[in-house]
Amino acid sequence: MASAAASGRRLVVKLRSRQDTGRAAEGQAQQAQLKEAISAIYASSPTPCTLEELFSGVESEVAAQHGGALHALVADECQRKAAAEAADLATAVALDSTAFLQHVVNLWEAYSSQLSLIRQVFLYLDRAYVVNHPGTLSVFQLGLRQLRCQLEALPHVHHRIVESLLQLVEAERSGEAVNRYLLKRAVDMLSNLRLYEDGVQETLLASATQYYSREGSALINELELAPYLLHCERRLGEEYERCEAYLGQAMRKPLKEIVDRCLLEEHLSTILEGSRQLLAGCQEQDLARLYTMCARIRALQGLRLGFRDYIRTTGSAVVTDEHKEDEMVTRMLLFRKNMLSVLHNSYASHADFAQALKEGFEACLNARADKPAELIARYLDSILRRGSKAAAQEGSLEDVLDAALALFRYVQGKDVFEAFYKRILSRRLLMGRSASMDAEKLCISKIKAECGPQFTNQLEGMLKDIEVSADIMAGFKQYVAARPSSGTLDMSVLVLTSGFWPSYRTFDCLLPTELLRAQQDFADYYLSKHGGRKLAWHSASSNCLVRAQFASGVKELQASLHQAIILLLFNEHEQLSFADIQAAVRLEEAELRRTLASMSLAKERVLLKEPAGSEVGRSDVFKVNPGYTSRMFRVKINNLQMHDSDEDSKKTNEQVLQDRFHQIDAAIVRIMKMRKTLSHNLLLAELATQLRFPVGQSDVKKRVESLIDREYLQRTEHGYEYLA
Amino acid sequence: MTFEVKIKKWHAVASWTWNAGDDVCGICRMPFDGCPPDGKFPGDDSPVVWGICTHAFHLQCINRWLQSQAEQKCPFCRRQWEFKQAVVGGEDSDT
């Protein structure tokens, strides 16, 4: 071919000189020869004369103004050939898809290569005639047009071609191996004939839609979500690859949309429903896949809401599980850790999802009033008691505190937490159970960020009291050492600033003279240093180390002051009745019962009670247990206060409630003083911004009633008015 | 009977309050053991002082009062105000 073209070019110069001679005759003969040549080319047989001669023949004909006739001639010949091809195909429609398509492609390739040869022969026609006559088709286009017309004239052939193509594509989708090269050539043919764009693509897309909606409906029920998503992803990859291989780039976008729509969008609610399972199993990879898919089909909103609702329902179940209250905080911490990890690893730390996580946790931690705040305070207590040991398996102590306080951040009733934290901290400090002062300070500085300095000032004051007390004790030791009369009692005192500490019940009791003297010594010393003050002693929080000589040997008992002063009585008496003991120590009856029970009914029974029984009665008689032994040298006699922590928390809650009423009152008055008149709803809205805890409608109503009674407010038609 | 007990160590807890007769400061009407309106911390940071007339106020409160007045008088009894030197006890001596 190339050599023919090259030789043709060499001949041009010679031919032009011939043209110059101006011979216009033999047109008929020339055209007949060309017609014969086209037939020969189409028949793939040798042309009657050389291609060069044909080329120059065309040139001379065009020059002789016979271009139109020549064009019609080519059109005619192409039509005839195309009709023959179409007829040939019509006989082959019964073949199976692959064979038929193979046949089509073979015919097409022969036809198109023959056509391009014809085009080269008739090049001059294209250059000189077609260009100057707008609306006429070039030779090649003419050939294609004729073939297309002939195919369209035989709809069953045309239909069969498209059908074969669809069948093979579908077969490949179903996992069969197909001849991709054949398909590519078929697509090439169709797009050369402009059939591909005009209808075939649409048909392909329609069949894809049908295929995938069928598949989606079947698989969504058949597969678990994770493999289903994996399948969707694979399908997308396949379609992409198919477009690369033969369907063409233009099909990529619509096919992707079809896969997305049929496999994902139509089953979105089922998929989102299933995402709960993935969240429950922390299947981060699958969730990440789901996330990218949802991002593609713009369904992130649904995924986000699903995430939030999952956290809310799952978390609420944990929070409201009253049987496992002890584990609630640890379970919630683990849950939050998992969800954070999902947020980072699967949801790309998307800000909206972070917000959803926050909303979810806020909803579940507030699903139950007050208790979560209390439990978080107790959890912190357990951490701070164990110190860095508690953090060993969880990373640094700071991380553990941060995680717990992050939970606290979601809680609305901060005041409940504050009340419990303060009470528990005070117990921790008074009993000396805190593992580390530094950890306490760290924790308080973190709480400060959440609750503001107003609250933490008190906590800091409590820690400061502990430190100041150490200094005072150092001074007191020197003061005592300078006095020869001092006893052997080793006394240490914690001096608390009463404004900082929660109020404890104080018990009056009669101390032995030795203790009284020590107490007086300290008071003298302290008051001489700090004028204008007075001291109150909290015997219930005091404790002693008691050395006791039992029949079985010497023991050291770690006991409360109340326990110790009762034990001291037995130095002089073999046995004592309840009334005797009460007369000697003058302790309130309930506390006395509790103290006696702790020594005669609990684990360490240093006293014997008669008659034996499970409760301390007024008529009981006590004596030292002669058979008391213990494996340990130093024994702690537990106070029986542990089991009344329920009562304790009830008390704290009541106190919080009381404080809330005052705060609501104050806030209402503040707002009304500023606004003068306000409707009920606006007042509620303003209150919500001022108060740090959730307020119930009925509470506000009650407080407003009370303020009206006290003539701070009066009712008006639309709401309330402030009375100056 | 060989039983014998002895207290070796005593870990006592006490709390201190201002030894002022009234519960509240006569100027700011806040408890002595709380803090005055512009004070932040109760206790050491909101000290209570006595005049020679034995009336007690928060230090911040009485200072503000004295600054606002031409004559230095106790707001309660109108006697000349002088700070009582820090002494043991307050208005009623140690018992």
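Hi everyone, let me start with a definition: two residues are in contact if their C-beta atoms, placed from the backbone, lie within 7 Å. With that in hand, in chain B 44% of the contacts between residues at least 6 apart in sequence join residues at least 24 apart.

A word on the source: this is a predicted model, where local features need pLDDT of at least 70 and side-chain atom pairs count only at pLDDT 80 or more, while totals for chains, interfaces and linings use all residues. Residues are numbered from 1 along each chain as its sequence is written, and chains are lettered from A and ligands numbered from 1 in the order in which they are written.

Let's stay with chain B. It has 3 strands and 1 helix, in the order β-β-β-α from the N terminus. Helices here are DSSP runs of H or I with at least four residues, strands are runs of E with at least two, and both are numbered from the N terminus. Chain B has 95 residues, and 36% of them count as buried, that is, with 20 or more other C-beta atoms within 10 Å of their own, the C-beta atoms being placed from the backbone. In helix α1 of chain B, residues 59–68, the buried residues include Q60(B), C61(B) and I62(B). Among the elements covering the buried residues of α1(B) are β2 (48–50) and β3 (56–58) of chain B.

Now over to chain A. An automatic or database domain assignment sets the bounds: domain 1 is 2–194, domain 2 is 259–463, domain 3 is 542–640 and domain 4 is 646–722. Taken over C-alpha atoms, the centres of domain 2 and domain 4 of chain A are 30 Å apart. Where these two touch, 10 residues of domain 2 of chain A meet 10 residues of domain 4 of chain A. On the domain 2 side, helix α21 (residues 414–430) of chain A gives the most, with 6 residues.

Last, a helix pair. How do α13 (residues 268–280) and α15 (residues 300–319) of chain A pack? The angle is about 40° and the axes are 10 Å apart, with axes being lines fitted to C-alpha atoms over the stretch in contact, and angles running from 0 to 180 degrees between N-to-C directions. So α13(A) and α15(A) are oblique to each other; under 35 degrees would be roughly parallel, over 145 roughly antiparallel, 65 to 115 roughly perpendicular, and the rest is oblique. The contact uses L268(A), L272(A), S275(A), R276(A) and L279(A) of α13(A), with G302(A), L303(A), G306(A) and Y310(A) from α15(A). Thanks, all!

How values were computed
Buried ≥ 20, exposed ≤ 12 C-beta atoms within 10 Å, placed from the backbone.
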